[in-house]
Amino acid sequence: MTGRTENGENGRPIVSGLPWAPGTIAPMTAEGMTAMRGKRRSVFLGRILPYMPYIIQSGLAVSVLLLLILFSAWYTSILQDMPAGFPIQWILPILIFPLAAWSSFRTYLQSADTVFLLPLETQMKAYFAPAWRAGVTGKLLLAWLVLLVAWPIYIRVLPDDHANLWASLLLVLGLKLLFAYGAWQEHRMVSARQSDVYRLLRWVLSVAIVFAWFWLPLFWSVIAIVVLAALYALALRFPPKHRVPWERLIAVEKAQAGRAMRMLGWFVDVPTQDPRVYRRSLLSGVGRSIPWKPEEAYRFLLTRSFIRGDMLGMAARLAVVGFVLQLLARESWLGVALLLLFTFMIGMQLNGLRRTHADSLWLGLYPIPEDSRVRAGLHLMIRVLFIASAFMWLPFLLTLPSDPLLAVGALAAAWVLCFLLHNSAGRKWRKLEGEDE
């Protein structure tokens with residue numbers, strides 16, 4: 001008896017009841033889900049990679065090389081002549097706990113997925129698994145790198161401490177897995193308030209566990225770590241959760257993609273996505289003293305946008321890192337070099353002010369004076385640079401009585417660099433504005 005062959009809509013035979021050719025990955029299968037995420041990742045990288053040559057030409061490569069040279073010189077000098085009472089038992093946990101608690105995932109979800117992928121909600125595990133692995137692996141390698149670099153100093157200062165290298169590496173691995181799992185559960189929680197509480201809990205536990213490992217005796221540190229980790233894992237089971245938190249994951253993905261494009265905007269003009277807005281009540285009064293005049297309208301808008309946007313957070317984080325490094329290197333010219341380097345890095349971030357609201361239709365309709373966007377951006381840029389560099393310089397106050405020339409010279413050099421960055425940005429922005437017109 002001869003079997004009958006059926007054809008699909010495209011004329012090809014139907015294999016195993018599926019309307020696609022042999023060898024084609026079915027989109028509803030685990031392989032199809034993985035392939036879909038891989039394709040979306042490739043599309044996003046395709047938007048990023050063409051800008052890499054411009055970023056390298058902008059001076060970033062030189063800045064990174066300079067930072068590596070300065071760090072290598074400082075690291076070698078520390079190992080050769082270890083200062084008495086070097087606070088490595090404070091420094092190492094402070095470096096490790098943020099890397100252990102920091103967790104994020106790139107899902108590449110899109111708004112349309114709430115329609116087209118929602119029926120496949122029960123099969124999305126295959127789609128999210130690569131995102132979870134990638135989010136853990138990259139941050140774990142970074143944490144291990146920091147630990148390996150700092151370890152020679154640690155064993156020089158505390159040669160008999162119980163926290164040996166292999167145990168510390170295993171601890172970091174365990175914390176990354178635990179807190180990455182916790183961060184994913186935070187996304188799934190129904191209540192946004194509960195998600196915020198658990199996010200804070202994750203960071204607090206990271207501080208407690210890392211400091212317990214490096215400060216407590218071995219027996220008590222192990223007991224504390226096991227108890228805290230078990231309680232945290234148990235606490236994550238109580239809040240009600242979505243199977244797939246579509247809206248939250250899409251919002252997070254938009255914020256991460258927008259942040260990546262804004263970082264590229266420090267070096268080259270790129271199309272940006274809708275900026276993420278933060279409610280910062282403590283800074284709500286900033287900008288109210290700006291005169292209510294047409295020529296100051298854009299300055300008011302830009303100031304408020306900066307206060308509630310990502311750029312303030314990134315500049316603040318750099319300033320805090322620079323402040324901490326100045327506490328360690330304030331007694332040498334390395335501290336001055338680091339102060340100038342972080343001031344330069346913040347200045348590079350603030351170049352993104354030129355693109356803020358640049359594509360807004362309403363600004364072209366309102367009677368705002370010509371060149372007000374450039375003037376407002378430069379006005380805000382120089383003030384932020386002054387404040388950030390002065391904040392990072394504060395540790396030099398401790399050296400002012402013993403070495404006033406170093407302390408005063410560091411602040412003067414930083415403020416001269418602020419003026420140079422301001423003037424360079426002014427020339428570049430006006431040239432780009434002329435090209436846009």
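Contact here means heavy atoms within 4.5 Å. Among contacts in the protein chain between residues at least 6 apart in sequence, 79% join residues at least 24 apart.

The model is predicted: local features need pLDDT of at least 70, side-chain atom pairs count only at pLDDT 80 or more, and totals for chains, interfaces and linings use all residues. Residues are numbered from 1 along each chain as its sequence is written, and side-chain values use heavy atoms, with hydrogens and water left out.

**Whole chain**

Colour the chain by pLDDT, the predictor's confidence in each residue, from 0 to 100. The mean for the protein chain is 80, and 81% of its residues reach 70 or more. Select residues 1–20: pLDDT stays under 50 there, and the model has 13 contacts beyond four places in sequence for this stretch.

Switch to a cartoon. The protein chain has 15 helices and zero strands; helices (H or I, at least four residues) and strands (E, at least two) are DSSP runs, numbered from the N terminus. Of the 437 residues, 40% are buried. Buried means under 20% relative accessible area, exposed over 50%, and partly exposed in between (1.4 Å probe, protein chains only).

**Annotated spans**

The unreviewed UniProt entry lists "transmembrane region" for several spans, including 87–109 and 165–184. UniProt positions are given in the numbering used here, feature names are shortened, and annotations may be inferred rather than shown by experiment. Select 165–184: this span is 100% helix and 0% strand, with its end C-alpha atoms 29 Å apart. Then select 87–109, where the chain is 61% helix and 0% strand and the end C-alpha atoms are 44 Å apart.

Within the latter selection, go to Y108, in the loop between α3 (88–101) and α4 (113–116). Most residues other than glycine have a negative phi. Y108 counts as buried because its relative accessibility is 9%.

**Helix α9**

Next, show Q256, which is found in helix α9. Is Q256 buried or exposed? At 12% relative accessibility, Q256 counts as buried. Leaving aside residues up to four places away in sequence, Q256 touches S104, F105 and R106.

Move along to A260, also placed in α9. A260 is partly exposed, with a relative accessible area of 22%. Draw a C-alpha to C-alpha distance from A260 to I48: the two are 8.5 Å apart in space and 212 residues apart in sequence.

**Aromatic rings**

Show the side chains of Phe, Tyr and Trp. Rings (the six-membered one for Trp) pair if their centres lie within 6.5 Å; planes under 30 degrees apart count as stacked, over 60 as edge-to-face and the rest as tilted. The structure holds 13 aromatic pairs. One of them joins F179 and Y232, whose ring centres are 5.6 Å apart with planes at 65 degrees, so the pair is edge-to-face. F179 lies in helix α6 (residues 165–188) and Y232 in helix α8 (residues 218–235), so the pair ties together parts that are 53 residues apart in sequence. F179 is buried at 0% relative accessible area, and Y232 is buried at 2%.

Then select F105, Y127, F128 and W184, which form one aromatic cluster.

**Nonpolar cores**

A nonpolar core is a set of buried Ala, Val, Leu, Ile, Met, Phe, Trp, Tyr and Cys residues joined through side-chain atoms within 4.5 Å. The largest has 78 residues, of which L92, F306, I346, L350 and L353 touch the most other members. Helix α14 gives the largest share of this core, eleven residues. Apart from it lies another core, of 25 residues, with Y51, M124, A180 and L264 among them.

Select residues 310–329, helix α11: its 20 residues reach 29 Å from first C-alpha to last, close to the 28 Å expected at 1.5 Å a residue. That expected span is 1.5 Å times one less than the number of residues. Buried residues of α11 include D310, L318, G322 and Q326. Which helices do the buried residues of α11 pack against? They pack against α9 (246–264), α10 (297–307), α12 (333–350) and α14 (372–393).

Finish at T399, in the loop between α14 and α15 (404–436). T399 is buried, with a relative accessible area of 3%. Not counting residues up to four places away in sequence, T399 touches R330, E331, P404 and A407.
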